[in-house]
Each structure stands twice: as structure tokens, then as C-alpha cells.
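Take a walk through this structure.

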Amino acid sequence: MKSFIILNLIGLVQLFLTVHSKAVADESNEINIIPETFVTLDKYKNVIVWRNDGNANKNLQPLVLDSEKLTKNISSNKTDNPSAIYYKNQLNKFELSIYNALEKICNQKQVKYLAVTITKLEKFKVEKSKYDKLVGRAVGAFMRDNQECWWIRSYEKSGSVTNGYVSKVTVKIVSEYTIAEINKYNSKILFTAKSIADQANKEKTLYKKLLYIHDYLIKSITYTEGEGSVYHNLL
């Protein structure tokens with residue numbers, strides 16, 4: 001009888017240990033949400049007064065991308081010019097995933113998304129305490145390398161942490177222009193840029209080509225106390 005009681009006691013202890021281990025494992029796999037925060041990008045823009053204070057693209061669904069595909073060199077029209085991706089070349093792989101995701105949605109002939117979610121980031125072992133700094137570095141590097149993305153005013157970031165490491169990051173671009181307006185202005189900008197380049201290429205020397213572009217810009221651009229974008233003035 002005593003041996004039966006002891007065996008049952010041992011069995012209960014083992015059951016308790018198994019349940020406790022499972023509870024610990026479940027707790028370690030718990031996903032903690034990083035709440036959404038707003039970040040201004042005024043320091044990257046020479047704009048004092050914007051068209052309005054609102055976000056013209058609310059409730060847009062983000063493009064979801066796997067970080068494994070974002071740490072590789074994705075196609076870019078700037079890869080042949082290292083100086084054009086100067087800040088990109090200084091990023092670690094976690095930051096590079098965010099930069100490349102922004103490049104994926106912004107550097108397109110037709111912009112379709114203004115929000116992107118990057119998944120499977122936990123392999124980079126970035127702790128939550130470093131989340132703000134690294135996401136900020138990635139977005140800042142993208143803004144410095146891609147001044148032509150004139151429509152980006154600020155952004156909202158959020159994410160999640162799994163097993164103590166950042167596993168997902170969402171970046172939502174805040175713009176006072178709708179996607180339709182962005183594509184409309186971009187097509188005009190590209191048309192104007194191509195017209196300038198075609199005319200400049202008629203000159204025989206590099207000096208005269210650059211001089212033509214310089215003179216065109218001087219004659220065409222006006223400044224109005226920092227309001228709006230120089231791209232709009234060019235149009």
C-alpha cells in the first residue's frame with residue numbers, strides 16, 4: 001500500500017513538473033506587442049509648413065514581407081552608384097530589412113503601398129530596448145538616401161517581441177498626399193526629368209551638360225519661405 005501511494009505521489013510530481021515546464025515554455029513563447037508610436041521626419045525635410053496636418057492614407061493594409069528576402073541585395077536603380085546608397089551601406093541586417101522594405105514600396109513607378117510589415121526578425125536577436133534606435137536608424141538612412149520620396153512626411157511604427165527579441169516591425173508612412181496624388185506627381189516629375197536629361201545629352205561635353213541642367217533649375221525653381229517641396233515648384 002505504501003509503495004502504491006509513493007508511486008502515485010511520484011506520478012503526481014512528474015505530472016506537475018511536466019505541466020509547469022509546459023507553462024514555462026508557453027510563457028517564453030509569449031508574444032509581446034510594441035504599441036504604435038508616431039515619429040516626425042522634419043529633420044530630413046526643408047519644409048516648415050505642410051499642405052495640411054492630416055494623413056490622407058488612413059486604414060491602408062501593409063505589404064507583408066519576410067526578412068529573409070530583405071537582407072539580400074534587392075534590385076535598385078542605385079546599386080551602380082555607391083554614393084547614392086551611402087547610408088544604406090552602414091546598416092546591420094536588422095536595419096537593412098527595414099530599409100529594403102521601404103525601398104520595396106516607395107521606389108516603384110506606381111506606388112501601391114504606404115505601409116509595410118517585416119516578419120521573422122527574431123533571428124537577428126534585437127532586444128526590445130534597441131527597437132527604437134535601430135528602426136529610427138533604418139528609416140533615417142532611407143530618407144537620406146532617397147530624397148526623391150518627397151511625399152513622406154513622418155511615420156508610425158509598431159511591432160512585436162517573441163522570446164525576448166523583436167520579431168515583427170510595421171512601418172506606416174504618413175503623408176498628406178493620397179496614393180493617387182503621389183503617382184500623379186511622380187509621373188510628371190519623371191517626365192520633366194527625362195525631358196531635361198534628353199536636352200542636356202545634346203551637349204557635347206560633360207561640363208556643358210551639367211551647365212544646362214544647372215541653368216534650367218536656376219530658371220525654373222522658386223522658393224516660398226520653405227512651404228511645399230522644390231519638386232512642386234519645378235512642375
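Searching the whole structure, which is a predicted model, turns up one cavity of 30 Å³ or more. Rolling a probe the size of a water molecule over the atoms is how such empty space shows up. The volume of the largest cavity is about 40 Å³.

Which residues line the largest cavity? They are L41, L102, V139, F142, M143, I152, Y155, V171 and I173. The lining holds nine nonpolar residues, with no polar and no charged ones. Two elements, α3 and β5 (165–174), each supply at least two residues of this lining. The largest share belongs to α3, which gives three residues.

Stay with α3 and look at its partner. Two packed helices are described by the angle between their axes and the distance between the axes. Helix α2 spans residues 93–106, and helix α3 spans residues 131–145. Their axes come within 8 Å and cross at roughly 45 degrees. That angle makes α2 oblique to α3. The crossing of α2 and α3 is right-handed.

Now look at the residues where these two helices meet. From α2 come F94, E95, I98, Y99, L102, E103 and C106. From α3 come L134, V135, R137, A138, V139, A141, F142 and D145. In this contact, eleven residues are nonpolar, none is polar and four are charged. Some names return from the cavity. L102, V139 and F142 belong to the contact of α2 with α3, and L102, V139 and F142 also line the largest cavity.

Move on to another helix pair. Helix α4 covers residues 179–200, and helix α5 covers residues 206–220. How do they pack? The angle is about 140 degrees, and the axes lie 9 Å apart. Angles over 145 degrees would count as roughly antiparallel. The helices α4 and α5 are therefore oblique to each other. Their crossing is right-handed.

On the α4 side, the contact is made by T192, I196, Q199 and A200. On the α5 side, K209, Y212, I213 and Y216 take part. The residues of the contact of α4 with α5 divide into five nonpolar, two polar and one charged.

Terms used. Residues numbered from 1 in each chain as written. Predicted model: local features only at pLDDT ≥ 70, side-chain atom pairs only at ≥ 80, totals over all residues. Heavy atoms only, no water. Axes fitted to C-alpha atoms, helices over the stretch in contact; angles between N-to-C directions. Helix = DSSP H or I, 4+ residues; strand = E, 2+ residues; numbered from the N terminus. Parallel < 35°, antiparallel > 145°, perpendicular 65-115°, else oblique. Left-handed = near helix turned anticlockwise from the far one by under 90°. Contact = heavy atoms within 4.5 Å. Nonpolar A, V, L, I, M, F, W, Y, C, P; charged D, E, K, R; others polar. 1 Å grid on protein atoms, 1.4 Å probe; cavity = no way out; pocket = protein on both sides within 12 Å on 5 of 7 lines; lining within 4 Å. Points joined across faces, edges and corners; volume = space filled by probe spheres on them.
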